Amino acid sequence: MPSDLDTITQPEFSYLRLHGRDAKAYLTGKTVAARFNYDYSDQEIDEVAERSRKLAREAKDVHVVFNNNNLDYAPRAATRLRTVLSQSVALPLPETPELF
């Protein structure tokens, strides 16, 4: 989806779902993992932040979901975006108990 295409269809809620920006991998990747293997640069995070601010002027709630789900790319990008937007970021506990 082009990054300049932001359309509000419901003023209560807007949603950005981001899979990465590697067009070649997206067109030729044989698996989801290959297509979504993307780590956003600082400049790209800044662009997403600006898009979010723009949407927030028109919609009550703005939700951004990073779905570049290789390694830790998505949670890291989300944390970086929240920092750029001056939102509080909860730090992980020093030790996370094993779930299984």
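I began with Phe13, which is partly exposed at a relative accessible area of 41%. I note that the model I am reading is predicted.

Entry 1, the surface patch. I placed Phe13 in strand β1, which covers residues 13–18. I then found that Phe13, Tyr15 and Val65 make a nonpolar surface patch of about 260 Å².

Which elements each supply at least two residues of its lining? I identified β2 (61–66) and α4 (73–84). Among the lining residues I listed Val62, His63, Val64 and Phe66, and also Ala78, Thr79, Leu81 and Arg82. Ser52, Leu85 and Gln87 line the pocket as well. Sorted by class, the lining has six nonpolar, four polar and one charged residues.

Which value does phi take at Leu71? I read a positive phi of about 50°, although Leu71 is not a glycine. Leu71 sits in the loop between β2 and α4. With a relative accessible area of 66%, Leu71 is exposed, because exposed means over 50%.

I next turned to Ser86, in the segment after α4. Its phi is also positive, near 60°, and Ser86 is a residue other than glycine. Is Ser86 buried or exposed? I noted it as exposed, at 67% relative accessibility.

Technical notes. Residues numbered from 1 in each chain as written. Predicted model: local features only at pLDDT ≥ 70, side-chain atom pairs only at ≥ 80, totals over all residues. Heavy atoms only, no water. 1 Å grid on protein atoms, 1.4 Å probe; cavity = no way out; pocket = protein on both sides within 12 Å on 5 of 7 lines; lining within 4 Å. Helix = DSSP H or I, 4+ residues; strand = E, 2+ residues; numbered from the N terminus. Nonpolar A, V, L, I, M, F, W, Y, C, P; charged D, E, K, R; others polar. Patch = residues over 30% accessible without salt bridge, like charges linked within 9 Å, V, L, I, M, F, W, Y side chains within 5 Å. Areas by Shrake-Rupley, 256 points an atom, 1.4 Å probe, with all protein chains shown as cover. Salt bridge = Lys/Arg side-chain N within 4 Å of Asp/Glu carboxyl O. Buried < 20%, exposed > 50% of the residue type's maximum accessible area, 1.4 Å probe, protein only.
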